[in-house]
Amino acid sequence: MTNLLMSNHYVNTSVQKAGIPGFLGCLEHSQMIWNSLSLAKKDKAELHVIWLDLANAYGSVPHQLIRMALEFFNFPMKVSEILMKYFNSAFMKFTVKNYTTKWQALEIGIMMGCVISPLFFILAMEIILRGAANTSKGVMTSEQLNLPPSRAFMDNITILVPSKNALLQKFHGHFTWARMKVKPKESRRIC
């Protein structure tokens, strides 16, 4: 699955910085943010840096978003069917005092500990990132380098834009649709 993602350029490794073999992830992500801040300071440019931390990131990914990602990235039908059968086989029931519910199919959540779970999460985040990509052009440096407006490191999205409102509204719309939430207390902003 990793080979399929990488060989077809389904994941933009300049934007998505985790879960991909061979990439330094957190270090590279932090370095890109630091470079963006340094360039903005040097150019005396306005730059909003916003860190969004997703609440219960793995547990909040809807299976419909995974299905959409598999279709969007043209996964072979047989592979998609097997993967969705895997997700559709997750059931749960609750017991409280003297009552136990019937088995309920889970419609959200990626199973922790599964070797393909990080890849599913990356696919889901890639759909959200691509959905907001055309909202902002990012930041143009004095060296004519266009910095991407958003980057992700697993359950964190970093937004680097000269004006924050449009891109934040786009992400809010995507998170609302996907029923995912951002942790306000863990999110930060620098202007």
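Biologist: How do you know that the length of helix H5 agrees with its number of residues?

Modeller: Helix H5 covers residues 117-132, which makes 16 residues, and at 1.5 Å a residue these should span 22 Å. The end C-alpha atoms of H5 are 23 Å apart, so the two values agree. Please keep in mind that this is a predicted model.

Biologist: Thanks! What makes you say that H5 is largely enclosed by the rest of the structure?

Modeller: A residue counts as buried when its relative accessible area is under 20%. In H5, 13 of the 16 residues are buried, so the helix is largely enclosed. Not counting residues up to four places away in sequence, Ser 117 touches Tyr 58, Ile 110, Met 111 and Met 112.

Biologist: How do you know on which side of H4 the buried residues sit?

Modeller: The buried residues are Ser 80, Leu 83, Met 84 and Phe 87. They cover an arc of only 95° around the axis, so they are on the same side of H4. The face turned away from that side carries the exposed residues Lys 78, Ile 82 and Lys 85. As for what covers the buried residues of H4, helix H3 (63-72) and H5 are included.

Biologist: Which residues touch the most other members of the largest nonpolar core?

Modeller: Those are Phe 121, Ile 157 and Phe 171, in a core of 35 residues. At least two residues of this core come from each of E1, H3, H4, H5, strand E9 (156-161) and H6. H5 gives the most, with nine residues. There is also another core apart from it, of five residues, among them Ala 40, Leu 47, Val 49 and Leu 160. As background, nonpolar side chains tend to be buried together in soluble globular proteins.

Biologist: What is Phe 121 in contact with?

Modeller: Leaving aside neighbours within four places in sequence, Phe 121 is in contact with Leu 54, Ala 57, Tyr 58, Val 61, Ile 110, Met 154 and Asp 155.

Biologist: Why is the pairing of Lys 183 and Asp 53 called a salt bridge?

Modeller: The cut-off is 4 Å between a side-chain nitrogen of Lys or Arg and a carboxyl oxygen of Asp or Glu. For Lys 183 and Asp 53 the N to O distance is 3.3 Å, which is within 4 Å, so the name applies. This pair links distant parts of the chain, 130 residues apart: Lys 183 is in the loop between strand E10 (181-182) and strand E11 (188-190), and Asp 53 is in strand E1 (residues 48-55). Lys 183 is partly exposed at 31% relative accessible area, whereas Asp 53 is buried at 9%.

Biologist: How many salt bridges does a search of the whole structure find?

Modeller: The search finds two. Arg 130 forms a salt bridge with Glu 126, where the closest N and O atoms are 3.1 Å apart. Both residues lie in helix H5, four residues apart, about one turn of the helix. Glu 126 has a relative accessible area of 2%, which is under 20%, so Glu 126 is buried. Arg 130, at 34%, is partly exposed.

Biologist: What is the phi of Lys 97, and what makes that residue stand out?

Modeller: Lys 97 has a positive phi of about 45° although it is not a glycine. In general, most residues other than glycine have a negative phi. Lys 97 is found in the loop between strand E3 (95-96) and strand E4 (99-100). Its relative accessibility is 83%, which is over 50%, so Lys 97 counts as exposed.

Biologist: And why is Arg 179 called exposed?

Modeller: Its relative accessibility is 52%, which is over 50%, so Arg 179 counts as exposed. Arg 179 also has a positive phi, of about 60°, and lies in the loop between helix H6 (165-178) and E10.

Biologist: How many helices and strands does the protein chain have?

Modeller: The chain has six helices and eleven strands. Of its 191 residues, 41% count as buried.

Terms used. Residues numbered from 1 in each chain as written. Predicted model: local features only at pLDDT ≥ 70, side-chain atom pairs only at ≥ 80, totals over all residues. Heavy atoms only, no water. Expected span 1.5 Å × (residues − 1). Buried < 20%, exposed > 50% of the residue type's maximum accessible area, 1.4 Å probe, protein only. Arc of directions from axis to C-beta. Contact = heavy atoms within 4.5 Å. Core = buried A, V, L, I, M, F, W, Y, C linked by side-chain atoms within 4.5 Å.
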